[in-house]
Amino acid sequence: MTKPTALVTGGAGFIGSHCCLDLILNGYNVVVIDNFVNSSITAIEQIEHITGGSITVYAIDVADKDAVDAVLAEQPVDVVIHFAAYKAVGDSMNRPLEYYTNNVAGLLNLLNAMGDAGIKHLIFSSSCSIYGDALELPLTEDSPAGPTNPYAQSKWMCEKILVDLCSRFPDWSVTALRYFNPAGAHESGAIGEDPAGIPTNIVPFLTQLAAGRHESVQVFGSDYATPDGTAVRDYIHVMDVVEGHRLALEVGPVPGFRRYNLGTGVGTSVLELIREFETVTGQAIPYQIVERRPGDVPELVASPALAQADLGWTARRTLTDMCRDAWNFQEKHPRGYKDILSLKETS
Ligand SMILES: NC(=O)c1ccc[n+]([C@@H]2O[C@H](COP(=O)([O-])OP(=O)(O)OC[C@H]3O[C@@H](n4cnc5c(N)ncnc54)[C@H](O)[C@@H]3O)[C@@H](O)[C@H]2O)c1
């Protein structure tokens with residue numbers, strides 16, 4: 001039997017690389033599109049090293065229609081998993097047009113190319129940020145959307161485009177997965193989270209801090225209506241997130257649009273996360289409380305019940321597993337993928 005082929009956009013990025021690894025280990029062919037704006041080819045090489053498989057990589061932009069057309073003409077793609085996007089809330093407040101262009105126009109270009117090639121099965125990376133200021137917790141897929149920043153708005157616009165596409169053309173099968181706060185790394189420590197520049201997500205910032213790359217971490221706001229005043233999020237291990245993608249694939253191309261929360265159902269405050277990280281690393285983590293960050297909301301916690309019922313998915317890993325695996329990657333590679341590159345240069 002021939003293996004199904006998944007085209008993974010943003011496949012060199014944090015979640016995309018873990019998804020590629022999991023798919024290869026589970027019998028898929030993987031083809032990647034990435035422009036490497038926030039990632040390194042070393043992530044792909046590491047995956048090939050662990051799995052003994054090979055990944056065809058196209059270093060192109062998803063917004064380049066001719067280039068995406070050429071990929072879809074060359075490769076026997078069964079399904080597209082679309083991770084490629086900009087993802088930082090704060091950055092999106094300063095660069096709204098870049099976020100709408102990359103995230104929304106990028107998706108439209110991809111959909112047009114897929115339609116032209118007759119490929120109509122898509123898994124889309126959505127985000128819990130679309131819920132905005134939650135009225136009721138935990139958040140279900142029916143909770144109202146209320147994006148509070150251009151990043152979240154861009155993801156919500158993408159979902160609306162996908163709903164309209166599927167209601168007009170029932171031969172499309174689209175699953176939007178709304179991730180809560182993915183973090184951690186593959187248990188091997190061979191791949192992990194290594195963003196370009198200073199991390200805007202707290203877990204990679206904490207791991208870099210523990211590796212000596214930052215002096216202290218800023219905690220944005222201590223006056224939220226949460227038990228300790230700091231923002232509460234539903235942190236989820238990246239391997240649980242990517243297993244959700246595989247289970248969504250295994251359901252097969254079901255006509256229409258579906259959306260699922262991928263979260264644990266457990267909220268953790270920023271201070272609780274810092275304490276857990278101190279325990280795992282055995283290091284004190286200096287922090288400073290600063291003003292709330294524009295665009296942030298107090299609390300986001302998922303109800304994962306629908307994904308469990310429909311996909312048979314549940315988050316299996318704990319907060320401790322997540323902190324330990326994130327630290328394992330960073331401890332092995334204090335400067336991230338640059339360390340692997342320089343090892344190769346000297347050998
Ligand atoms: N990490 C999170 O906290 C989180 C939470 C919810 C949703 N998401 C979504 O999940 C997806 C993946 O997130 P991530 O954390 O892996 O981010 P990431 O930045 O590590 O990965 C994104 C990848 O896409 C690539 N990319 C970006 N724009 C591109 C373009 N125009 N053409 C080709 N490649 C492009 C980047 O180089 C990178 O490799 C994103 O869509 C993000 O919005 C992430």
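Which element gives the largest share of the shell around the ligand? Strand S5 does, with 3 residues. The structure is a predicted model, in which local features need pLDDT of at least 70, side-chain atom pairs count only at pLDDT 80 or more, and totals for chains, interfaces and linings use all residues. Residues are numbered from 1 along each chain as its sequence is written, and side-chain values use heavy atoms, with hydrogens and water left out.

The shell around the ligand holds 28 residues. The closest are Asp-34, Asn-38, Ser-39, Asn-102 and Tyr-151. Helix H1 (14-25), strand S5 (121-127) and helix H6 (150-168) each supply at least two residues of this shell. Helices (H or I, at least four residues) and strands (E, at least two) are DSSP runs, numbered from the N terminus. By class, the shell has 14 nonpolar, 10 polar and 4 charged residues. Here Ala, Val, Leu, Ile, Met, Phe, Trp, Tyr, Cys and Pro count as nonpolar, Asp, Glu, Lys and Arg as charged, and the others, Gly among them, as polar.

An N or O atom in the side chain of Asp-61 is 2.9 Å from a nitrogen atom of the ligand. Phe-83 places a backbone N or O atom 2.8 Å from an oxygen atom of the ligand. For Lys-155, a polar side-chain atom lies 2.8 Å from an oxygen atom of the ligand. The protein covers 97% of the 820 Å² of accessible area that the ligand has on its own. Accessible areas come from the Shrake-Rupley method with a 1.4 Å probe; for residues, only the protein chains shown count as cover.

Ala-67, Val-68, Val-71 and Leu-72 are buried. They lie on the same side of H3, because they cover an arc of only 135° around the axis. The arc is that of the directions from the helix axis to the C-beta atoms. Asp-66, Ala-73 and Glu-74 are exposed on the other side of H3. Buried means under 20% relative accessible area, exposed over 50%, and partly exposed in between (1.4 Å probe, protein chains only). The buried residues of H3 pack against strand S1 (5-9), strand S2 (29-33), strand S3 (56-58) and helix H5 (96-117).

Asp-234 sits in the loop between strand S9 (232-233) and strand S10 (235-237). Asp-234 counts as buried because its relative accessibility is 0%. Not counting residues up to four places away in sequence, Asp-234 touches Phe-180, Asn-181, Gly-263, Thr-264, Gly-265, Val-266, Leu-300, Val-301 and Ala-302. Contact means heavy atoms within 4.5 Å. The side chains of Asp-234 and Thr-264 also make a polar contact of 2.6 Å. A polar contact is a pair of N or O atoms within 3.5 Å; within protein, one must be able to donate a hydrogen and the other to accept it, and residues adjacent in sequence count only if both atoms are side-chain atoms.

Gln-330 belongs to helix H11 (residues 319-332). Gln-330 counts as buried because its relative accessibility is 2%. Leaving aside neighbours within four places in sequence, Gln-330 is in contact with Pro-204, Thr-207, Gln-208, Ala-211, Arg-213 and Gly-336.

Lys-87 lies between strand S4 (79-82) and helix H4 (89-94). Its relative accessible area is 33%, so Lys-87 is partly exposed. Lys-87 and Asn-201 are 114 residues apart in sequence, with their C-alpha atoms 9.6 Å apart in space. Asn-201 is also among the contacts of Lys-87, together with Asn-38, Tyr-99, Tyr-151 and Glu-193, when neighbours within four places in sequence are left aside. Arg-292 is found between strand S13 (287-290) and strand S14 (299-300). Arg-292 is partly exposed because its relative accessible area is 42%. The side chains of Arg-292 and Asp-223 are joined by a polar contact of 2.9 Å.

Two backbone features complete the account. The peptide bond from Leu-137 to Pro-138 is cis, with omega near -5°. Pro-138 lies in the loop between S5 and H6. Phe-36 has a phi near 60°, a positive value in a residue other than glycine. The loop between S2 and helix H2 (41-51) holds Phe-36.

Terms used
Near = heavy atom within 4 Å.
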